[in-house]
Amino acid sequence: MAKRIEVKDLDIYYDKFLAVQGVSMTIQPRSVTALIGPSGCGKSTFLRTLNRMHELVPNARVEGSVVMDDDDLYGPNVDPVNVRRQIGMVFQRANPFPTMSIYDNVAAGLKLNNKRLKKSDMDDLVERSLKSANLWEEVKDRLHKPGSGLSGGQQQRLCIARAIAVQPEVLLMDEPCSALDPISTQAIEDLMLELKTNYTIVIVTHNMQQAARVSDTTGFFNLQGVGKPGELVEIDETTKIFSTPAQKATEDYISGRFG
Amino acid sequence: MSTSLKTPEQDPDLNTPLGGVSLTAGQLPRSAAPTTLVAAGVAGLLLWLLADWAIVLCALLAAAAYVVIVYTWSRTVEGPRKATDRFVTALVSGAFLLALLPLISVIATVVTRGVARFDAEFFTYSMIGVTGEGGGIYHAMIGTLIITGLATLISVPVGMLTAIYLVEYGRGKLAKAITFFVDVMTGIPSIVAGLFAYALFVMVFGPGVRMGLAGAVALSVLMIPTVVRSTEEMLKLVPNELREASYALAVPKWRTILKVVLPTALAGIATGVTLAIARVIGETAPLLVTAGLTDGDNFDPFDGRMTTLSVFSYYEYQSPGLFAEASFDRAWGAALVLMIIVMVLNLVARAISKLFAPKSR
Amino acid sequence: MASSTEAPPRRNRTPRRPGDRIFAGVSTGSGVLILVALAGVAVFLVTEAWPALTAPAEDIPGGEGLVVYIWPLLFGTLISAVLALVIAVPLAVAIALFITYYAPRSIAKALGYIIDLLAAVPSIIFGLWGMNVLAPVTVDPASWLSEHVGWIPFFAGPASSTGRTMLVAIIVLAVMVLPIITAVVREAFTQTPQLHQEAALAIGATRWEMIRMAALPFGRSSIIGASMLGLGRALGETMAVAMVLSASAGVTFDLISSENPPTIAANIALQFPEATGVGMNTLIASGLVLFAITLAVNMIARAVINRRKDFDGAN
């Protein structure tokens, strides 16, 4: 598992409006890549192009290429559903399915796709996923209760378990801790560090300390100007970005001079 | 301004702070309005008992007396603004009570006159060979079930799929047109829906056609917009995040809709469908022109006339048999059965939305 | 909400899964089916009404042509529906106010449900109730009215001895449309911005003044729209009128005599079982007129209510 993603000259549009322009970057396997930047600069939009969730917005489209190992995600005849099968996603607000139990939520990816597994295999998979998400001990006695009864942090870890149950290559996380308290945040950050031994992780975050703590590589997004599209200013090793960034704008942002 | 009962707005001296007016000045005692109400009520009651006037007249007089007394009393003590407020309060409460009158009267009448025929024969016999007393509504109950069931079978898939189209797929002119015409369809008079179904079946089967299926089609015309509306509302309440969560798990759109969106909205949709059934099950006019009336059992909706409860009740009253009273009893009995069915459906709809909607823990 | 009819410009065509294609197709098909059905209503009615439109005047029941046949029906339909509305709208607004602002919070919901129950009563039951309970009750008051205020055209009399008059039909119609209007108006009142209400109360307004300042202006277009919806319903109501009204074709404003113009819908229900040939076509032609009127009324109602929705965004 874990694959490399190459992004080249990616322009992202909402209808005729160019939201993000000319992004090129390489996302390394088995590492955490953090995307930081001020609100509205298009980092979440960019993240959603990586598993083709962006095009769910009516008339949204992209130009350029996103290549995972040797497959162009936007090539002709590529089914976005298959892309999402390999690239999982965790959202800003935890969104467990309210009609399903904790167990069914984790199994949802397989069940909804109508994969028939033996009960014992399914039990194994659910347990393994919940253990990977550090949630097993807390929920093992109430697997068949609704997922919406969990706390916010638990719900978010449930969503992570749900995402990794389908064994994706890449895991995208869109501000996964922004709605959580510090202790739950800590739990998720620890989890990320564990998960990166198996997965390629891309995380969008508003919290620079978090980026510094968990990521190996950091990319800084910014607007080119008022009313202009966002762009990737620079991307480098996290230690370098936070100590000696190449661009003035990055330094200003990190030292808190704006944003 | 010789009176000391000034309200703040009448005070010409702007330099006097408003706080100077006592907070309890110019107030009727709390018991004023209730006491007046009781007094007026007792007076009305006495008029009815002693003077033997019509009860409605007495009630009206009592109400009028209450309004006049409270208004003048409040106006002299509290000033015109408070008095107007009390006047409107009385008016508005009175309007509500007035609206309860027909409801109570309707229910009381139907129950008292309807129970006369709540016997075993009524529910197990049809009207074959019955000219005087006796007979039953067995054929009409089954007919109502068949026709309403068929209408539900037609309306629910069409209505739900249309709502899914509008919420999940619909963009542009087509969706706008459908939304608009569904709204318009809500207002089609039921008799026109009946004429439509009749005209449709005449094209296929020739003039004078009557069959259960035509009735079901007519009811569907009335039912579909209700189903579309309620399903649409419910689907819109499903948070978008759930759809995204499902897409992110690589679930195709159609499966997402079937397995995630619809189950989440199911309780609401079931409530809407139940209410839609309750609405059409009591329809008379469209069935009168499409399904007609027959005395015996006909449980084949594709062939011949078919009796429903409402049409049965109508004909028993409009053209009574040899013993008019027996016919009237049957009419009221059928009406009571119909009303019980409608009320039960309404309660079931409430129960569904209460029991299944909030799902946490 | 971007809405353009052409497909969004895409660089490459993504394949759609067969499941998606079929499901989207079926859903769209259902929507189109509704449009087709509605067009069908219009087309079939016109086709079946056509013989009556082209038939010579003497073939039409009554022997004086279609217009003479339909005119009293149309008159009866309009006068019954409009007067029912005159009774129902003020009552409905008052009830909505009572439930929203006057009734104790804990029972307001239950009261709303009780009023909704009125809407659930089948029209046949209102018909039975109207002719058996309400009609006899009106006989004495009606004769009193014709004696004392007979100079008002509505109460010219002579009063009917059965009570199955236009007046009773109007009251029954009013009771039937009352819950429909109440529901829409109540909805609007509950949506009145809390901010406006508190602003009014904070400057020392009484409850009624607050309602006049905040609730009524906010709900005005809803009241209009709801009235139109009620009008549409009253125009098309069939059974209750057919059973209550003892009709004899005649155009008169007198509401309490035994001479009453029938309504289109009730006339269809009464004549249909025995109608054949051109008579049947004539009934369908009258149904077409009713369809056109209710269609127009409902379209106006929707337009008014939707216009209010546009304003909601501003709050």
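## Basis of the model

The model is predicted, so local features need pLDDT of at least 70 and side-chain atom pairs count only at pLDDT 80 or more, while totals for chains, interfaces and linings use all residues. Residues are numbered from 1 along each chain as its sequence is written, chains are lettered from A and ligands numbered from 1 in the order in which they are written, and side-chain values use heavy atoms, with hydrogens and water left out.

## Cysteines

Over all chains, the search of the whole structure finds 0 disulfides, a disulfide being a pair of cysteine sulfur atoms within 2.5 Å. For C41(A), the closest cysteine sulfur is that of C177(A), 18 Å away, which is too far for a bond.

C41(A) is buried at 1% relative accessibility, and C58(B) is buried at 3%. Here buried means under 20% relative accessible area, exposed means over 50%, and partly exposed lies in between (1.4 Å probe, protein chains only).

## Salt bridges

The whole structure holds 22 salt bridges over all chains. A salt bridge is a side-chain nitrogen of Lys or Arg within 4 Å of a carboxyl oxygen of Asp or Glu.

One of them joins E138(A) and R157(A), with 2.9 Å from N to O. E138(A) lies in helix α5 (residues 136-139) of chain A and R157(A) in helix α6 (residues 152-165) of chain A, so the pair ties together parts that are 19 residues apart in sequence. Helices (H or I, at least four residues) and strands (E, at least two) are DSSP runs, numbered from the N terminus. E138(A) is partly exposed at 35% relative accessibility, whereas R157(A) is buried at 8%.

In another salt bridge, the closest N and O atoms of D216(A) and K196(A) are 2.9 Å apart. This pair links distant parts of the chain, 20 residues apart: D216(A) is in the loop between α8 (208-214) and β9 (217-223) of chain A, and K196(A) is in the loop between α7 (182-195) and β8 (200-204) of chain A. D216(A) is partly exposed, at 30% relative accessible area. K240(A) and D236(A) also form a salt bridge, at 3.2 Å from N to O; K240(A) is partly exposed at 35% relative accessibility, and D236(A) is partly exposed at 27%. In chain B, a network of salt bridges links D183(B), R229(B), E232(B) and K236(B).

## Helix α7 of chain A

α7(A) has 14 residues and spans 20 Å from its first C-alpha to its last, close to the 20 Å expected at 1.5 Å a residue. The expected span is 1.5 Å times one less than the number of residues. At the N-terminal end, D181(A) caps α7(A), with a side-chain oxygen 3.1 Å from the backbone nitrogen of I183(A).

The buried residues of α7(A) are S184(A), T185(A), I188(A), E189(A), L191(A), M192(A) and L195(A). Seen down the helix axis, they fall within an arc of 160°, so they line one face of α7(A); the arc is that of the directions from the axis to the C-beta atoms. An α-helix has 3.6 residues a turn, so residues three or four places apart point the same way. The buried residues of α7(A) pack against β3 (32-36), α4 (119-132), α6, β7 (170-174), β8 and α8 of chain A. On the face turned away from the buried side are the exposed residues P182(A) and I183(A).

## A loop residue in chain C

T206(C) lies in the loop between α6 (194-202) and α7 (207-236) of chain C, and is buried at 10% relative accessibility. Leaving aside neighbours within four places in sequence, T206(C) is in contact (heavy atoms within 4.5 Å) with R81(B) and D85(B).

Key:
A polar contact is a pair of N or O atoms within 3.5 Å; within protein, one must be able to donate a hydrogen and the other to accept it, and residues adjacent in sequence count only if both atoms are side-chain atoms.
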